[in-house]
Amino acid sequence: MKLLILLALASISWAQNFPISLVNENQVGIVGSRRSSSVILSLPPCELARETVQVTVTNSTGQGPSQPDFEMPVCRNRRDLINLVSDIDGFSRTLNLGYQVEMLQPSTTYNVSYRIGSRTSDRLQFTTLSPVDYTSIDTGFGRSGAMVVITVLLVIAMVALIIAFIVVLVLSK
């Protein structure tokens with residue numbers, strides 16, 4: 001009887017939802033986990049390693065872009081599907097960031113969840129960003145005063161060097 005109770009409790013805890021979130025930008029060192037056409041999500045818990053994960057995305061109309069299933073990777077310190085490879089001092093380091101949900105529309109609210117067998121993640125609601133047309137960004141003056149001063153000083157120095165070179169050539173003959 002005690003074994004049945006333990007098995008029932010284990011199956012109840014196994015069937016519980018698990019949380020998902022957007023990747024924490026400060027911890028992984030990326031510019032943003034939310035973009036105009038995609039987001040980067042954290043992965044399910046480690047005990048679900050090597051399981052097939054189905055990603056469900058819906059918007060206000062009930063339909064969202066279909067996402068490919070993926071296999072939950074084996075847990076390591078940082079264990080996700082987006083890989084950032086940096087080559088510093090000749091050593092290549094791979095930093096795993098998260099699962100990227102793609103093909104989203106700008107300025108749209110979506111709900112996303114993972115499904116792994118009988119387990120489902122909590123729904124995560126997010127809104128994609130609105131892209132800004134780069135031509136509408138005000139860059140201020142065409143050239144700053146400091147740039148003009150530096151350019152004038154460099155031109156004067158170049159002219160002085162050319163005159164000095166000519167003088168040395170004339171005097172050396």
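Visitor: In which loop is Met103 found?
Guide: This is a predicted model, in which local features need pLDDT of at least 70, side-chain atom pairs count only at pLDDT 80 or more, and totals for chains, interfaces and linings use all residues. Residues are numbered from 1 along each chain as its sequence is written, and side-chain values use heavy atoms, with hydrogens and water left out. Helices (H or I, at least four residues) and strands (E, at least two) are DSSP runs, numbered from the N terminus. On that numbering, Met103 lies in the loop between β6 and β7.

Visitor: What is the phi of Met103, and what is that of Ser107?
Guide: Most residues other than glycine have a negative phi. Ser107 is also found in the loop between β6 and β7. Neither residue is a glycine, yet phi is positive, about 65 degrees for Met103 and about 55 degrees for Ser107.

Visitor: Is Met103 buried or exposed?
Guide: Buried means under 20% relative accessible area, exposed over 50%, partly exposed in between (1.4 Å probe, protein chains only). Ser107, at 44%, counts as partly exposed. Met103 has a relative accessible area of 55%, so it is exposed.

Visitor: What pattern does the protein chain follow along the sequence?
Guide: The chain has 3 helices and 9 strands. Read along the sequence, their order is α-α-β-β-β-β-β-β-β-β-β-α.

Visitor: Which residue in β9 is the bridge partner of Val112?
Guide: Two strands pair if DSSP finds at least two bridges between them; β7 and β9 run antiparallel and are joined by 4 bridges. Apart from neighbours within four places in sequence, Val112 has contacts (heavy atoms within 4.5 Å) with residues including Leu41, Val55, Val101 and Phe126. Its bridge partner in β9 is Leu124.

Visitor: Which residues make up the uncovered face of β9?
Guide: In a regular strand the side chains alternate between the two faces of the sheet. The covered face of β9 has Leu124 and Phe126, and the uncovered one has Gln125 and Thr127.

Visitor: Which residue meets Arg119 in a salt bridge?
Guide: The structure holds 1 salt bridge, defined as a side-chain nitrogen of Lys or Arg within 4 Å of a carboxyl oxygen of Asp or Glu. Arg119 is in strand β8 (residues 119-120), and its partner sits 72 residues apart in the loop between β1 and β2. Arg119 counts as buried, at 5% relative accessibility. At 3.3 Å, N to O, the partner is Glu47.

Visitor: In which helix is Ile162 found?
Guide: Ile162 is partly exposed, with a relative accessible area of 46%. With Met158, Phe165, Ile166, Leu169 and Val170, Ile162 forms a nonpolar surface patch of about 600 Å² accessible area together. Such patches use residues with over 30% relative accessible area and no salt bridge, joining like charges within 9 Å and nonpolar side chains (Val, Leu, Ile, Met, Phe, Trp, Tyr) within 5 Å; areas come from the Shrake-Rupley method with a 1.4 Å probe, and for residues only the protein chains shown count as cover. The helix that holds Ile162 is α3 (residues 145-172).
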